[in-house]
Amino acid sequence: MRPTAKFSISFGLVTIPVAAYNATDSSTSVSFVRIHTADGGRVRNQPVCSVEGVEISPDEIGRGYRPGDGETVVPLSDEDLDALPLPTAKTLTILAFVAGGDIDPLQMGKGYYLGIDSPAAAKPYVLLREAMERHQRVGLGKIALHGRETLAMIRPMAGALVMQVLLWPHQIRPMDGVLPERQVEVHANEVEAAETLMDSFGQLSEDDVHDHYREALEEIVAAKLAHREPHFETGEEPPAGQVMDLMAALQDSVRAARKSRGEDEEGEAARSTARSGRGTKKSTAKKTAAKKTAAGEATAKKSAAKKSDAKKTAAAKKTSGRGGRRAG
């Protein structure tokens, strides 16, 4: 690979000359060209001068900056940009070390592999990489790339250093109008069902990260060139329509995920039986406790009734004795 930029990383008083290499390849992504639908001719973007109205060759195209008024365009040369009094033009100065989770993924842009640009850079390069790995931190700094100053994050990965271009915080739009307009209540059992569904997904496979869209598109193109119908493997149709019963949909999704991984129904039945067994034991325990409570209440009632009868009998005997004494 050829480097796209060369600069130095400033780590305190340590300077590390590095070369940046593109970490991603956009040429493999699906792209389309514009055509004239009447005859299939290519529609190209022709650079035309707005003043003369003529096409311009690439070596006549330079840079210009439009100030806030939006009308005037000020031409800028490479010498003008090189004269900018910015240390970031040649050096990425690390400003802070933070936890990787503190970086908003919305800010992350293009990635670059960073390699050493001189043999003397090898030791400080490895030192910075291992220090970040042990400290579990990433470095944040600023760098000017392709005529623009940008935030950048440096992190260790697979024995190397990787730089990720970051958007400025003001480039992240607010979420106005995104959140639901009314408060939605989610029950605890629904959250538990969703967590069970998450656990049932398992690990990613090679087929999951395969570009099936590009493959299908290439089949359509090949079929058109061969004047035949495209051949596609038949797959399961995704469910359509609005989900009305959320719990039922979550439970069905869990079963579908387990089935897709080839889990046998006997294992699921055993788990269901175990769960129902635990429920039966709890129910039996509750019934036994209820019976004991009922029996205890009945015994208490009988004892109370016996005591009441005994009191009535004793009172009757006393009354009878007083009557006999008065009669004599």
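Phe7 touches Ile16, Pro17, Val18, Ala20, Lys90, Thr91, Leu92, Leu114, Ile143, Leu145 and Met163 when residues up to four places away in sequence are not counted, where touching, or contact, means heavy atoms within 4.5 Å. The model in which these contacts are found is a predicted one, in which local features need pLDDT of at least 70 and side-chain atom pairs count only at pLDDT 80 or more, while totals for chains, interfaces and linings use all residues. Residues are numbered from 1 along each chain as its sequence is written, and side-chain values use heavy atoms, with hydrogens and water left out.

Phe7 also belongs to the largest nonpolar core, which has 21 residues, and among these Phe7, Ile9, Leu92, Leu114, Leu145, Ile154 and Met163 touch the most other members. A nonpolar core is a set of buried Ala, Val, Leu, Ile, Met, Phe, Trp, Tyr and Cys residues joined through side-chain atoms within 4.5 Å; buried means under 20% relative accessible area, exposed means over 50%, and partly exposed lies in between, with a 1.4 Å probe and protein chains only. At least two residues of this core come from each of strand 1 (5-11), strand 2 (14-22), strand 5 (91-98), strand 6 (108-116), helix 2, strand 7, strand 8 (148-157) and strand 9 (160-166). Helices (H or I, at least four residues) and strands (E, at least two) are DSSP runs, numbered from the N terminus. A second, separate core has 6 residues, including Val98, Ile103, Leu151 and Leu166.

The protein chain has 6 helices and 9 strands, and buried residues make up 17% of its 328 residues. Of the contacts in the protein chain with a separation of 6 or more, 58% are between residues 24 or more positions apart.

Ala152 counts as buried because its relative accessible area is 0%, and, leaving aside neighbours within four places in sequence, Ala152 is in contact with Leu92, Gly139, Leu140, Gly141, Ile143, Met163, Gln164 and Leu166. From C-alpha to C-alpha, Ala152 and Gly109 are 9.2 Å apart in space, although 43 residues separate them in sequence.

Helix 2 can be followed through two of its residues. Ala122 has its place in helix 2 and is partly exposed because its relative accessible area is 31%; Ala122 and Ile16 are 106 residues apart in sequence, yet 8.2 Å apart in space, C-alpha to C-alpha. Glu133 is also placed in helix 2 and, at 40% relative accessibility, counts as partly exposed, while its C-alpha atom is separated by 6.5 Å from that of Pro156, 23 residues away along the chain.

Helix 3 (residues 188-199) and helix 5 pack against each other with their axes 9 Å apart and at an angle of about 15 degrees, where axes are lines fitted to C-alpha atoms, for helices over the stretch in contact, and angles run from 0 to 180 degrees between N-to-C directions. Helix 3 and helix 5 are therefore roughly parallel to each other, since angles under 35 degrees count as roughly parallel, over 145 as roughly antiparallel, 65 to 115 as roughly perpendicular and the rest as oblique. Their crossing is left-handed, a word used if the near helix is turned anticlockwise from the far one by less than a right angle, whereas clockwise makes a crossing right-handed. In this contact, Asn189, Glu190, Ala193, Ala194, Thr196 and Leu197 of helix 3 meet Leu246, Met247, Leu250, Ser253, Val254 and Arg258 of helix 5. The residues of the contact divide into 7 nonpolar, 3 polar and 2 charged, with Ala, Val, Leu, Ile, Met, Phe, Trp, Tyr, Cys and Pro counted as nonpolar, Asp, Glu, Lys and Arg as charged, and the others, Gly among them, as polar.

Most residues other than glycine have a negative phi. Gln136, however, has a positive phi of about 55 degrees although it is not a glycine; Gln136 is found in the loop between helix 2 (122-135) and strand 7 (138-145), and counts as exposed because its relative accessibility is 62%. His227, in the loop between helix 4 (212-225) and helix 5 (246-260), likewise has a positive phi, near 55 degrees, and at 76% relative accessibility His227 counts as exposed.
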